[in-house]
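Trainee: I would like to learn how to read a structure one feature at a time. Could we begin with the way helices pack?

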Amino acid sequence: MDFMANGLLALGASPAMVHAVEELEQAISVVADLHGAVSINIGTLDPKWIESFKFAARTCKAKGVPWVLDPVAAGFTSLRTTTATELLDIGGCSVLRGNASEIMAVAGTTGDAKGVDSTKGSDAALKAAKGLAAKYKCVVCISGALDFVVTPSGQVSSCAHGVEMLTKITAAGCLVSSIIAAFLAAKPRDFSDAEAALYAFIYFGICSEAASQNSQGPGSLRLNLIDQLYNFDLEQLGLCQTGVLVASARSADGRTLPLVCRWLRRIGSHTVEIPGISSSMYHASADDVGMQIICLAEVEQHRSAMGIAQSCIGPFELDPITRMSLENIVSSGASRFPVRHFRDQNDPHPRDLQIHVTQDHVKVVHPGAERGSNEVLAPYSADFPKVIIHPTDTCKFRLELSEEQDKVFHFVALSRTSRDLIALLIRTFHARQYVATSFVLSRLYQDPARPGAPLTTTLVQDFDLQRLADRLGKELDRTVGQLEAVERVVRTSNNEKRELQAQLSETIGSYTEAIEQLHQQLAPAAKGGVAAALQLQIHDGRALHSKLQLELQELRQRLDEEQRGTGPDGTDGPAAQMRARTIEAYRAEIAKLRAQISALAGSEKQHSERDSTRAEELRRLRGDVDSLSREKEGLERMVAEGAKSKDDLIENFLYAKGCLDKLQLACIEKSPACSPEHERQVAQLRETYNQVVDERNRLMIRVEALDKDREKQKQFRESTLEKATQANARLLEERDKLEKEKARVSTLYQQTMAMLAHSAASADYEAEDEAVLQALREEVAKKRELVQKKEQEGESLRQRLKKLAMAG
Ligand SMILES: Nc1ncnc2c1ncn2[C@@H]1O[C@H](COP(=O)(O)OP(=O)(O)OP(=O)(O)O)[C@@H](O)[C@H]1O
Ligand SMILES: Cc1ncsc1CCO
């Protein structure tokens, strides 16, 4: 509070910190009388404070006093979020200002507030701000490295001024909110709340930049900032196009000497006279941006005697506020300006028109007229459209859409800023299309008086390169910030696109699957698919319908006859005969139903017979599987035995071979003196060896055959097992189906039995004519209902069929 009050005092406002409900009414009345504004800051809150916030909001609304809401730390606790929302719900808020987390929390999206500080970049809250601005019809500002101002219609302007060190000073944001309130109170009537808020940000941001120049940390920044708010002076930042230049002269005795002046523009060493001015006063305008102004003054009465005084001032800059607006409009690509049109100098009935400036054309429009009916449009050409600023009037200008006279307009803008904006905007868009960057650069870095020659040293001195670099740096930062924001949006959109594509392909997949299923069901109608079943149901429905219709007719006939009564002689009249016939008919029906029931029972028996056959088959298959397993075990045993005897044989063979080798060795050693006994032994051994080899080969062949056999058996067994498992699954499935069928049949059976009992009971009560009649009537009604239901079912089935056929 101390910082806010001191900041406001420093910039020239008159703050009063009020919170007791008892004095609020009176305090706000005073503010209303002074055309002031109120800032409601929920920084310190308890139930009493909350009551006074609400009281203040209600009172401001009632008295038409503009109020600003600072939802300090909304999102940090729910009490803060709710309090902010409840205050906005009261209505009448002019500007809501918070950091990104606070704005998102008030809008109901997660802001992740870290206490009173934001954890988000200000652009993260743009969507939330637009929503709140539209909902509460107020301006919503998001502060941060880039400050955003959002209007209820969703227009966004931004301010890049400020220093990061401000985040290390508590209540910097609160001070901005209170400055916005001060600007709301001080703004001229034709400025909007959004403009007041934007200028407050620019003002605060520029002061903080200047303050940071000689600050060592947050402490001195805080002090210097208050000093800067106090000393704010645009002139110290450079000469602006909004200034007025006055030439004056006094005589030696102090008298003011009337002057005749000539005014010239100079860029570098190149000078051009400004036509049409001879007075001692000159209003700088958009035409002077980047120029120096030279004044040549002579004393009116002594023109030749006293000589000519010359002074030079500049270069002039665009004032920060116009510059900011221009940047915003240029980046949005278009804007509209209300202007007053004078047909000639003394036109007594000027018209209110609008100029639409876009990057492709300039259009003069009659605002009330139908679209296109009353407008003049000019796309950019090499020489047109152009704006000629009036040399002495600050709001007048001439707009030339082409050289034709009816396309030259004499306008008066709403304000000096508005006129400068129109001129600069048209020139910027024109330059974009008609002046190549290389041309601009060559003009900037050469002496315009001597085309082609490089800049002279004096010219370099005239350029404040430091300032130029600062400006370009800031512009670059801003553009990079915007680029990042755009990239973020593109990234999110791409992610969303990917998600949507995935969802879409999933949906398409499931639809395709469903369609294929329907196809499958529809195609084999003959095999009893869904379509066939539906057709059958329709057919059954129709048959039942006509049967029931017949019964209905019959019953109606009987009823008529019943109503005609018995014969006059009390004997068995036609009615009695009819009753007898009815009973007869009922008996026949009962018999028919009994037959149906026994048929159903019969089919149940058939089912169970089928069931037992299947069970039998299952048992047999299981037996097969078991015997196959046993066979497999036997085979495995055989293989093991074969392998063992093979091992034995190999051992024998090795042994015999060893002996033979030994003998051969012995033979070689004693070769010439070999005894016949020896030779015999060798021959014997050789024979044994050959036998063993033969035996081995035989056994090898057997083992191989056994292996092959075993492999074949294994494959056969596996396929049999597979078949058995499939058959088993099929059987189980069939059994499930049959069980369901059985359940259905038994319900049908029970229903039929119940009907039968009912029919029999009705037949027994022949004497009670009225009751019988009633029962018959009810039955007729029921049957009618049944018929209707069946008809409806039939219809809906037909519709489904049609749809399925179409989907196919
Ligand atoms: N990162 C930054 N770089 C430059 N300037 C900044 C930065 N962050 C904030 N500012 C400046 O500080 C001003 C206050 O904004 P900030 O978002 O810090 O308010 P706040 O979080 O509500 O502050 P507090 O809770 O302390 O009152 C902004 O208008 C802007 O000028
Ligand atoms: C730190 C703090 N806590 C409540 S208000 C406030 C000032 C910054 O908004």
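Trainee: At roughly what angle do the axes of helix H10 and helix H11 cross?

Mentor: Keep in mind that this is a predicted model. The axes of H10 (residues 320–332) and H11 (residues 416–434) come within 10 Å and cross at roughly 45°. Angles under 35 degrees count as roughly parallel and 65 to 115 as roughly perpendicular, with oblique as the word for the rest. That makes H10 oblique to H11.

Trainee: Which hand does the crossing of H10 and H11 have?

Mentor: The crossing of H10 and H11 is right-handed.

Trainee: Which residues of H10 and H11 meet?

Mentor: From H10 come Thr-322, Ser-325, Leu-326, Ile-329 and Val-330. On the H11 side they meet Thr-417, Asp-420, Leu-421, Leu-424, Leu-425, Thr-428, Phe-429 and Arg-432. Sorted by class, the contact of H10 with H11 has 7 nonpolar, 4 polar and 2 charged residues.

Trainee: How do I read the pair H2 and H3?

Mentor: Take the angle, then the hand, then the residues. Helix H2 (residues 21–33) and helix H3 (residues 47–63) have axes that come within 10 Å and cross at roughly 30°. H2 and H3 are therefore roughly parallel to each other. Their crossing is right-handed. H2 contributes Val-21, Leu-24, Glu-25, Ile-28, Ser-29 and Ala-32 to the contact, and H3 contributes Glu-51, Ser-52, Phe-55, Ala-56, Thr-59, Cys-60 and Lys-63. The classes in the contact of H2 with H3 are 7 nonpolar, 3 polar and 3 charged.

Trainee: How far apart are the axes of H1 and H9?

Mentor: The axes of helix H1 (residues 2–11) and helix H9 (residues 218–231) are 7 Å apart, and the two helices pack at an angle of about 30°. H1 and H9 are therefore roughly parallel to each other. H1 passes H9 in a right-handed crossing. Among the residues in contact are Phe-3 and Ala-10 of H1, and Leu-225 and Tyr-230 of H9. By class, the contact of H1 with H9 divides into 7 nonpolar, 2 polar and 2 charged residues.

Trainee: Where are the cis peptide bonds that join Gly-314 to Pro-315 and Phe-384 to Pro-385?

Mentor: For Gly-314 and Pro-315, omega is about 0°. Pro-315 lies in the loop between strand E13 (309–313) and strand E14 (316–317). For Phe-384 and Pro-385, omega is about -10°. Pro-385 is in the loop between strand E18 (375–379) and strand E19 (386–389).

Trainee: Is the phi of Ala-73 positive or negative?

Mentor: Ala-73 has a positive phi of about 60°, although it is not a glycine. Ala-73 sits in the loop between strand E2 (67–70) and helix H4 (78–90).

Trainee: Which residues come nearest to ligand 1?

Mentor: Start with the residues around the ligand, then look at individual atoms. Of the 22 residues around ligand 1, the nearest are Arg-97, Asn-99, Ser-143, Asp-147 and Gly-173. An N or O atom in the side chain of Arg-97 is 3.0 Å from an oxygen atom of ligand 1. Asn-99 has a polar side-chain atom 2.9 Å from an oxygen atom of ligand 1.

Trainee: What part of Ala-171 lies 3.1 Å from an oxygen atom of ligand 1?

Mentor: For Ala-171, a backbone N or O atom lies at that distance.

How values were computed. Residues are numbered from 1 along each chain as its sequence is written. Chains are lettered from A and ligands numbered from 1 in the order in which they are written. This is a predicted model: local features need pLDDT of at least 70, side-chain atom pairs count only at pLDDT 80 or more; totals for chains, interfaces and linings use all residues. Side-chain values use heavy atoms; hydrogens and water are left out. Axes are lines fitted to C-alpha atoms, for helices over the stretch in contact, and angles run from 0 to 180 degrees between N-to-C directions. Helices (H or I, at least four residues) and strands (E, at least two) are DSSP runs, numbered from the N terminus. Angles under 35 degrees count as roughly parallel, over 145 as roughly antiparallel, 65 to 115 as roughly perpendicular and the rest as oblique. A crossing is left-handed if the near helix is turned anticlockwise from the far one by less than a right angle, and right-handed if clockwise. Contact means heavy atoms within 4.5 Å. Ala, Val, Leu, Ile, Met, Phe, Trp, Tyr, Cys and Pro count as nonpolar, Asp, Glu, Lys and Arg as charged, and the others, Gly among them, as polar. A residue is near a molecule or strand if one of its heavy atoms lies within 4 Å of it. A polar contact is a pair of N or O atoms within 3.5 Å; within protein, one must be able to donate a hydrogen and the other to accept it, and residues adjacent in sequence count only if both atoms are side-chain atoms.
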